[in-house]
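These are my notes on a single chain, taken with the sequence and the coordinates side by side.

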Amino acid sequence: ILDWPFREGLTLPEAMHPLTILSTGLYGDDLPKQNGAPLRLILPWKYGFKSIKSISQIIFLKEREKSFWETRAQPDKPKKINAVPPSAVSTISLPD
């Protein structure tokens, strides 16, 4: 289950990027609910999940808080990789 409201954070340079758009409309009409009304953040130069729909609040902070996905990230833990030795791999030759 996802927490509500969804939270995302941008730095001021990211917010001021020339491709950052706060949209209230689409093709000359008001922005429909399915497209993120009343206000949608569009960041075409970042991952799609950063383009937040239906913004309800904008807060300016001295430091960026952790975003929705950063709060769910696992702490960095070394991962054990079980490598398969070449002798354990079998190959099959297919006829031409």
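This is a predicted model: local features need pLDDT of at least 70, side-chain atom pairs count only at pLDDT 80 or more; totals for chains, interfaces and linings use all residues.

**Entry 1: G9.** I placed G9 in the segment before α1.

**Entry 2: the chain as a whole.** I counted 2 helices and 4 strands. Read from the N terminus, the order of the elements is α-β-β-β-β-α. The chain has 96 residues, and 19% of them count as buried.

**Entry 3: the largest pocket.** I noted a volume of about 1100 Å³ for the largest pocket. Which residues of its lining are closest to the centre? I found E8, G9, Q57, I58 and I59 there, out of 31 lining residues. Two elements, α1 (12–15) and β1 (21–23), each give two or more residues to this lining. By residue class, I recorded 16 nonpolar, 7 polar and 8 charged residues in the lining.

**Entry 4: a nonpolar patch.** I looked for nonpolar surface and noted a patch of about 620 Å². Its members are L12, M16, L22, I58 and F60. F60 sits in the loop between β4 (40–42) and α2 (68–72). Is F60 buried or exposed? I recorded F60 as exposed because its relative accessibility is 72%, and the cut-off for that class is over 50%.

- I found a cis peptide bond between A37 and P38, with omega at about 5 degrees. P38 belongs to the loop between β3 (29–30) and β4.
- I noted a positive phi, near 55 degrees, for Y27, a residue other than glycine. Y27 is in the loop between β2 (25–26) and β3. With a relative accessible area of 79%, Y27 is exposed.
- I noted a positive phi for S54 as well, near 50 degrees. S54 lies in the loop between β4 and α2. I recorded S54 as partly exposed, because its relative accessibility is 34% and that class lies between the limits for buried and exposed.

**Entry 5: cross-check.** I returned to I58, which is a member of the nonpolar patch and is also listed among the residues closest to the centre of the largest pocket.

Technical notes. Residues are numbered from 1 along each chain as its sequence is written. Side-chain values use heavy atoms; hydrogens and water are left out. On a 1 Å grid over the protein atoms alone, a cavity is a set of points where a 1.4 Å probe fits but cannot get out, and a pocket is an open set with protein on both sides within 12 Å along at least five of seven lines; lining residues have an atom within 4 Å of a point. Grid points are joined across faces, edges and corners, and a volume is the space filled by probe spheres set on the points. Ala, Val, Leu, Ile, Met, Phe, Trp, Tyr, Cys and Pro count as nonpolar, Asp, Glu, Lys and Arg as charged, and the others, Gly among them, as polar. Patches are made of residues with over 30% relative accessible area and no salt bridge: like charges are joined within 9 Å, nonpolar side chains (Val, Leu, Ile, Met, Phe, Trp, Tyr) within 5 Å. Accessible areas come from the Shrake-Rupley method with a 1.4 Å probe; for residues, only the protein chains shown count as cover. A salt bridge is a side-chain nitrogen of Lys or Arg within 4 Å of a carboxyl oxygen of Asp or Glu. Buried means under 20% relative accessible area, exposed over 50%, partly exposed in between (1.4 Å probe, protein chains only).
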